[in-house]
Every structure is written in C-alpha cells, then in structure tokens.
Amino acid sequence: ENGEACSTCVVDCGACPPVCGDGVCDTGESCEGCSTDCGVCPPPPAAGTGTIGYWKNHADAWPVEQLSIGGVVYSKAQLINIIANPIKGDVTYTIAAQLIAAKLNVGIGNVSTCIQSTIAAADAWLVQNKLGSHVKGNSSAWKNGGSALKDTLDAYNNGLLCAPHRG
C-alpha cells in the first residue's frame, strides 16, 4: 500500500535489497561490489613459481619493466638477454639468471618468506662479484657462497621451497 516500504512492511513489499555502506555484509554483497561492508578482497593466489626458462619465454608475464640485480638497474630487455645468453665460464650469469627469476616470482605474488634472505644475499654477492667479471666455477667466491645461493634460488624457482611451481 501507499507509504509502505520493504524496511517497514516485509510481508507486503518483500525483503529489502542489500544496501552497500550500511556496515553489514549482507547476502548478495561481496568484497568485489561492496568493500565498504565486506572488506577488501584478498589478492588472487599467485600462479606459482617459474624457472629461468619460463621467464625467458614469457616476457608478457613479467610484472616489471626493470629490476635491480647486484645494485645495478637493468631493463627488461637486458634482463632477458642475461637469462637467454649466459657467458660460458662466468658463473655471475648463472646466479644472476636465478636471481632474476626469483625476483619475478616474488613480484607476481608468490610466498617469499623462505627466499627473501637468499635474494638479499645473492644481490650482495653480485655487488662483490659484478655481473660479467668472469668468476669461475672453481673460484673461492663461488665455492664459498655463490654456488649455494644459486642452488637455493633454483630450488625456489622450481617450486621446491615455500611457493609451489606453476603448473
């Protein structure tokens, strides 16, 4: 009847539709349509980690256009070149490629609690052993730190640590 509304006469008018902004997350409301009442939606789960081969072949999936590796900022094109064209006999390229992939994996939202300290240590290692400085696999720098960092980064990129592999 005239003057009746859903808020005062459910029998005649039916239930009121949800009202965004009333402080209650009602049936029919969600974080997508009413974050005021229902809160901010959680981020979607990450796609999983990718190896250096994945990132080399999927430039469109990169979440950034540049990265800092060993204290030097490289463009996406330069980073792809580092991954795609390692210099034989220079292990700085081996660790840099794994570090690039790990940073990209973290950048797309993968869990990183198990790898953050290794990423920082690998960056520090590359500050001391500049990319392209021809560090050999039998050097003390590689045997006393670089190799283990590369192996841990590789394990993370292959989904063997705290984040699953894409798949």
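Modeller: Let's start at Asp-37, which sits in helix α2, residues 35-38. Helices (H or I, at least four residues) and strands (E, at least two) are DSSP runs, numbered from the N terminus. Before going on, note that this is a predicted model: local features need pLDDT of at least 70, side-chain atom pairs count only at pLDDT 80 or more, and totals for chains, interfaces and linings use all residues. Residues are numbered from 1 along each chain as its sequence is written, and side-chain values use heavy atoms, with hydrogens and water left out.

Asp-37 is buried, yet it has no salt bridge. Buried means under 20% relative accessible area, exposed means over 50%, and partly exposed is in between (1.4 Å probe, protein chains only). A salt bridge is a side-chain nitrogen of Lys or Arg within 4 Å of a carboxyl oxygen of Asp or Glu. For charge, Lys and Arg count as positive and Asp and Glu as negative, while His and the chain ends are not counted. The nearest side chain of opposite charge to Asp-37 is Arg-166, and it is 35 Å away.

What does the side chain of Asp-37 reach, then? One answer is the backbone nitrogen of Gly-23, at 2.8 Å. Another is the backbone nitrogen of Gly-21, which lies 3.0 Å from a polar atom of the Asp-37 side chain. A polar contact is a pair of N or O atoms within 3.5 Å; within protein, one must be able to donate a hydrogen and the other to accept it, and residues adjacent in sequence count only if both atoms are side-chain atoms. Contact, on the other hand, just means heavy atoms within 4.5 Å. Leaving aside neighbours within four places in sequence, Asp-37 has contacts that include Val-19, Cys-20, Val-24 and Glu-29.

Strand β1 (66-69) is joined to strand β2 (residues 72-75) by four bridges, and the two run antiparallel. Two strands pair if DSSP finds at least two bridges between them. Leu-67 has Tyr-74 as its bridge partner in β2, and Gln-66 stands opposite Ser-75. The hairpin has two residues between the strands, and Gly-70 takes a positive phi near 60° in it. In a regular strand the side chains alternate between the two faces of the sheet.

Ile-69 takes us to the largest nonpolar core: of its 30 residues, Ile-69, Leu-79, Ile-95, Ile-100, Trp-125 and Leu-153 touch the most other members. A nonpolar core is a set of buried Ala, Val, Leu, Ile, Met, Phe, Trp, Tyr and Cys residues joined through side-chain atoms within 4.5 Å. The elements giving two or more residues to this core are α3 (52-57), β1, α4 (76-84), α5 (91-107), α6 and α7. The largest share, 10 residues, comes from α5. Not counting residues up to four places away in sequence, Trp-125 touches residues including Ile-95, Val-135, Trp-142 and Leu-149.

Back to charges: there are three salt bridges in the count. Glu-65 forms one with Lys-76, the closest N and O atoms being 3.7 Å apart. Glu-65 lies in the loop between α3 and β1 and Lys-76 in helix α4, so this pair ties together parts that are 11 residues apart in sequence. Glu-65 is exposed at 56% relative accessibility, whereas Lys-76 is buried at 16%.

Asp-123 and Lys-103 meet in another salt bridge, at 2.7 Å from N to O. Asp-123 is in helix α6 and Lys-103 in helix α5, so they tie together parts that are 20 residues apart in sequence. Asp-123 and Lys-103 are both buried. Asp-151 also forms a salt bridge, with Lys-150, at 2.8 Å between the closest N and O atoms. Asp-151 is partly exposed, with 41% relative accessible area.

Last stop: His-134, in the loop between α6 (116-128) and α7 (140-157). His-134 has a phi near 60°, a positive value in a residue other than glycine.
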